[in-house]
Amino acid sequence: MQFSLLRNKNYKKILIFTFTVLLFLAVSFLVIYQTNFAQGKVWSYLESGDDRFQMMRIEGLYHSLQRHQFFPLVNMSFMGGFGYIVNVFYSDFVLYPAAFFRLMGLTSAQTLGMYYLLVNFLTFGVSFLCFYKVSHKYINSLVFSFVYTLSTYRLYDVLFRHDLSEVGAMLFLPIAILGIYQIFYGNKNEWLYLAFGMTGIVYSQAISPILMIIFIIIVALCQIPELRENPQRLLSLLWATIISGLLSLAYFLPMFQQMSHTQFVFNTSQNILNNGSSDLTDTISWGGNNDVEQPNVGLVLVLAAIIIMIVQTKIKNKAVRHFSLIGIGLLICSTNVFPWFLFNNTILGVVKYTWHWNVLVTILLAIFVAVDPLNFLSGKFSKPLLLLFVFLLAISASYRLVQDAPLQLNSVEEYNQLDSYNLDQNRSFLPVGTRLSSLQRMSHKPKIISGRAEISDFKQYGTRMSFDFKKAKHAKIDVPLIAYYGFQSSQSKGQVSKLKVDVRNNNLAQVKINGSGKVVIDYFETTTQKVTRRISFLSLLIVVALLFINKLNLVDFKKIEGIRSK
């Protein structure tokens with residue numbers, strides 16, 4: 001009976017599926033156990049790094065959802081209620097699961113652990129399915145999912161930096177790479193993978209889309225002969241670009257609109273790219289030591305890069321050869337060997353740290369390892385042993401991280417105490433002239449700058465602020481709110497002027513009042529924000545509807561095209 005069940009194909013599929021899911025869940029938990037669950041403590045640098053900033057982003061989204069504001073543009077939990085418009089530049093898209101965990105009653109420490117468990121599991125699953133889509137080989141797909149998800153650079157983001165944005169981008173990266181492969185090397189009609197993958201990356205992190213565009217250009221240059229022979233591939237790329245552009249419109253245009261009205265702090269120091277790059281020798285050394293405290297691709301991928309440089313001419317698969325060589329090129333370019341100072345004043349300046357290229361290096365070299373084009377892993381136990389080796393490297397790295405800095409183990413109570421003034425490292429999204437120390441000392445209530453008035457009943461509920469006034473005569477009032485573009489006083493009653501920016505006082509919102517009445521200030525979606533959000537949502541509905549219709553064969557599109565051709 002048992003042997004007959006094993007011979008049953010459906011039963012075997014269910015067994016393999018169950019095993020794979022349980023394996024991914026177990027590894028997803030074990031790799032973060034030391035830093036997020038062991039001893040009931042959380043390992044993190046609370047004084048520096050991205051951790052506090054990212055947790056405040058989650059906290060702000062959580063509070064907005066409590067107020068039934070489902071798509072907030074200004075995070076009002078920052079700076080004690082003065083507001084930080086980080087949401088326009090870093091979408092909250094990948095943070096919604098974490099915010100829902102907070103709504104379920106989990107603390108910040110519990111939320112971080114559960115969120116990492118979820119994202120690790122999803123990254124395992126997405127990378128496995130994307131590789132299996134092309135290879136149709138279970139064990140090779142398993143190798144790719146392990147090498148990619150447990151890569152040292154990704155663990156650097158998860159365990160050390162707590163960069164939730166880049167971790168989110170790496171969740172969608174395999175989908176985008178699958179789309180690039182299909183457009184340039186495989187089935188050109190499956191360009192939607194690139195469209196959806198790029199859209200997910202855009203809504204995860206602002207930097208990664210720039211890197212992806214450069215990568216696509218490099219691949220296109222490598223495939224010029226193929227594109228000349230099959231120019232339809234360029235049409236597929238165009239369709240992917242159009243759809244991704246429409247889906248991302250709700251992100252890009254509001255961001256550009258805000259930048260056109262406000263000058264932000266964005267780090268514009270000289271030689272930012274050159275200063276943000278590492279020595280090649282350091283990069284190789286960190287990789288050889290599998291050090292998750294420094295930005296590097298890790299031992300397995302460093303060895304893979306060395307092997308590629310030795311045997312590159314023997315790699316017959318064109319896509320694997322191109323991806324491998326591009327990966328090595330980007331690895332070298334991520335260091336100060338490349339003359340980054342030439343690009344300080346270009347759009348590449350927003351990348352700031354050139355080791356962000358390791359995102360692409362990681363997945364490109366992981367593809368080489370998983371494909372195994374030269375059959376180095378052809379032995380019966382070679383691939384399972386590689387899986388075990390990669391897993392043990394990840395466990396060892398997390399253990400060494402805790403052992404090397406035991407003072408960074410924080411109690412749950414300590415970790416749950418968030419500092420609303422802990423912004424991103426460069427305080428990039430503050431208007432120029434805003435002094436954080438001055439805001440910290442400032443009383444969080446309206447202040448009469450000139451003239452006279454009696455103010456009472458000040459209230460704040462998210463982005464909405466209000467107070468009553470009487471006996472006002474040419475009074476200028478500064479409200480404890482940074483006046484980002486979109487804030488208005490249009491719902492006020494009485495003689496209340498339009499909202500202005502007090503550039504002399506930390507860019508706070510200012511109104512001029514006379515007589516008696518009520519000042520009401522709130523954030524209103526701009527026309528650009530409203531229109532682009534509707535366009536992006538409608539585009540998504542249309543694409544999903546067309547996929548649904550095509551899947552069920554409700555419409556014979558080929559026949560329609562045939563009629564048109566006649």
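**Legends to the close-up views**

**View 1. Surroundings of S145 and F24.** Residues up to four places away in sequence aside, S145 touches F24, F124, S127, F128 and L150, where contact means heavy atoms within 4.5 Å. The model is predicted: local features need pLDDT of at least 70 and side-chain atom pairs count only at pLDDT 80 or more, while totals for chains, interfaces and linings use all residues. Residues are numbered from 1 along each chain as its sequence is written, and side-chain values use heavy atoms, with hydrogens and water left out. S145 sits in helix α7 (residues 138–149); helices (H or I, at least four residues) and strands (E, at least two) are DSSP runs, numbered from the N terminus. S145 has a relative accessible area of 0% and is therefore buried, the term for under 20% relative accessible area, with exposed for over 50% and partly exposed in between (1.4 Å probe, protein chains only). With residues up to four places away in sequence not counted, F24 touches F121, F124, G125, F128, L142, S145 and F146. From F24 to H444 the sequence separation is 420 residues, and their C-alpha atoms are 48 Å apart.

**View 2. Helix α6 and the residue that follows.** Helix α6 covers residues 108–135, 28 residues in total. The expected span of a helix is 1.5 Å times one less than its number of residues. For α6 this gives 40 Å, and the end C-alpha atoms are 40 Å apart, so the two values agree. Just after α6, H136 takes a positive phi of about 60 degrees. Most residues other than glycine have a negative phi.

**View 3. Helix α10 and its cover.** Nine of the 11 residues of helix α10 (residues 192–202) are buried, so the rest of the structure largely encloses this helix. The buried residues are L192, L194, A195, G197, M198, T199, G200, I201 and V202. They pack against α9 (164–184), α11 (208–222), α13 (232–247), α14 (249–261) and α23. In α23 (residues 527–551) lies S539, which counts as buried at 13% relative accessibility. Leaving aside neighbours within four places in sequence, S539 is in contact with L246 and L247.

**View 4. Helix α11.** The 15 residues of α11 should span 21 Å at 1.5 Å a residue, and the 21 Å between its end C-alpha atoms agrees. Buried in α11 are S208, P209, I210, L211, M212, F215, I216, V219 and A220. The cover over these residues includes α9, α10, α12 (224–229), α13, α18 (318–333) and α19 (358–371).

**View 5. V511 in strand β8.** V511 is found in strand β8 (residues 508–523) and is buried, with a relative accessible area of 1%. Not counting residues up to four places away in sequence, V511 touches A475, K476, I477, S489, V496, S497, L499, V519 and I521. V511 and L106 are 405 residues apart along the chain, and 40 Å separates their C-alpha atoms.

**View 6. Two loop residues with positive phi.** H68 has a phi near 65 degrees, a positive value in a residue other than glycine. It lies in the loop between α3 (51–66) and α4 (86–89) and counts as exposed, at 60% relative accessibility. N507 has a phi near 60 degrees, likewise positive in a residue other than glycine. Its place is in the loop between β7 (500–502) and β8, and N507 is buried, at 7% relative accessible area.

The chain as a whole. The chain has 24 helices and eight strands. Its radius of gyration is 26 Å, close to the 24 Å that the globule rule gives for 566 residues, so the chain is as compact as a globular protein of that length; the radius is taken over C-alpha atoms, and the rule is 2.2 Å times the number of residues to the power 0.38. Along its principal axes the C-alpha trace spans about 85 × 70 × 60 Å. Of the 566 residues, 52% count as buried. Of the contacts with a separation of 6 or more, 75% are between residues 24 or more positions apart.
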